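I would like to take you through one model, starting from the overall picture and then moving to the helix packing and a few individual residues.

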Amino acid sequence: MKYYKQGELHCYIGIWLPFVILISIFVFLYGVYMKTYLLPLIRSEYIQRPIVELNTYLIQLVHINDYVFSNQTLVITISLHTILILYIISLIRVVVIEPGKVPQEWLNKKEGEINKMIENEEKMIHFNKKGSQTSTSFCSEIDDEQRQKLNNKARLELIQRTGRRYCKNCQTLKPKRCHHCRYCKTCWLKMDHHCQWLNNCIGYNNYKLFINLLGYSWLLLSFIMITYSRCYYDTLNSYASDGKLFLVSFTFLFCCFLWILLTAFTIFHLWAIKKNITTLEYCENKPKELIQNSIVDNFTEVFGVNPLIWFLPIQPNTKPIMD
Ligand SMILES: [Zn+2]
Ligand SMILES: [Zn+2]
């Protein structure tokens, strides 16, 4: 509970509910898939075979290549669980990794620059009004609190004049593409959006992991959909009970529905990476301040330059645009 008031149980349940629903959907799909398709397949393939045939299988194990490529059940089991493990790792990482706060060094540097500019302006005003009776009486009349207010006003005006971005909620400067999240109550670097399903913001530090998560989810659903279509077809053409028929049909069609949604969402994010635009920037329809890079540059800005980690749930060591 890093962002919300402690002790508010309804709030706690509310913010984690979409995440629990998301996990439940995948647990349900996995459970039904295993129960109605893969486990019966494994049982018929290995457990219910006569001992003589099992010996033949053990001999085949020695020639592992022949065995793997000739054994569909084993390939399905290994592939499914490999994608599932990658999916779980990226899911955990996206949820726990902070999207990226504005570095304190950057804030100190920019605050110092603004303070120096204010100091110079004050010196100029003081120089111009030197000797003026009005100025002296005005200064002596205002107390420290009023002076602070006037300083803050001057400061905001100066920040606006210099074109710097300022967060009124955090009362600090913020770099380009940094946005304030009203749920997290924090400014995040290159904030993409606040994901209610994951109860975390997606920003500079976890965007690549989020894309990996989308990729693994898409792969997992595609894999389940393709392999399960056989089970769906067999169940439709068999004398299965109404309960099983409903369960298999519902699971398969629900999987197809999720796949369509996820495909559209993944295509949008790949398009956004290609265009170097975040979801927030797209929704706000703001003219982009960034220099237009090539498509390769846009992709390496998100995925990093090392191709070995592009498809793994690892965040690349890139530097955010800080200006
Ligand atoms: Zn803020
Ligand atoms: Zn947020």
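I will begin with how the model is to be read, and then turn to its contents.

This is a predicted model, in which local features need pLDDT of at least 70 and side-chain atom pairs count only at pLDDT 80 or more, while totals for chains, interfaces and linings use all residues. Residues are numbered from 1 along each chain as its sequence is written, and chains are lettered from A and ligands numbered from 1 in the order in which they are written.

The protein has 11 helices and six strands, where helices (H or I, at least four residues) and strands (E, at least two) are DSSP runs numbered from the N terminus. Of its 323 residues, 20% count as buried; a residue is buried if 20 or more other C-beta atoms lie within 10 Å of its own, exposed if 12 or fewer, and partly exposed in between, with C-beta atoms placed from the backbone. Among contacts with a separation of 6 or more, 65% are between residues 24 or more positions apart, a contact being two residues whose C-beta atoms, placed from the backbone, lie within 7 Å.

In an unreviewed UniProt entry, the annotation "transmembrane region" covers residues 12–33, 74–96, 209–228 and 248–272; such annotations may be inferred rather than shown by experiment, and the positions are in the numbering used here, with feature names shortened. Over residues 74–96 the chain is 100% helix and 0% strand, with the end C-alpha atoms 33 Å apart, and over residues 248–272 the chain is likewise 100% helix and 0% strand, with the end C-alpha atoms 36 Å apart.

Now to the packing. The axes of helix H4 (residues 72–96) and helix H8 (residues 207–236) come within 9 Å and cross at roughly 150°, the axes being lines fitted to C-alpha atoms, for helices over the stretch in contact, and the angles running from 0 to 180 degrees between N-to-C directions. H4 and H8 are therefore roughly antiparallel to each other, a term for angles over 145 degrees. Their crossing is left-handed, that is, the near helix is turned anticlockwise from the far one by less than a right angle. Residues of H4 including Ile76, Leu80, Ile83 and Tyr87 meet residues of H8, among them Leu213, Tyr216, Leu220 and Phe223. By class, this contact of H4 with H8 has 15 nonpolar, five polar and one charged residues, where Ala, Val, Leu, Ile, Met, Phe, Trp, Tyr, Cys and Pro count as nonpolar, Asp, Glu, Lys and Arg as charged, and the others, Gly among them, as polar.

H8 also packs with helix H9 (residues 242–275), at an angle of about 150° and with their axes 9 Å apart, which makes H8 roughly antiparallel to H9. The crossing of H8 and H9 is left-handed, and their contact has 18 nonpolar, eight polar and one charged residues.

Which residues does Leu262 touch, leaving aside its neighbours within four places in sequence? Leu262, found in H9, is in contact with Leu214, Ser217, Trp218 and Leu221. The C-alpha atoms of Leu262 and Trp218 are separated by 6.4 Å, although the two are 44 residues apart along the chain. Leu262 counts as partly exposed, because it has 17 C-beta neighbours inside 10 Å.

Lastly, two loop residues. Asn276, in the loop between H9 and helix H10 (279–284), has a positive phi of about 55° although it is not a glycine, and Asn276 is buried, with 20 other C-beta atoms within 10 Å. Lys185, in the loop between strand E3 (179–181) and strand E4 (186–188), has a phi near 55°, but Lys185 counts as exposed, with 11 C-beta neighbours inside 10 Å.

Notes:
Parallel < 35°, antiparallel > 145°, perpendicular 65-115°, else oblique.
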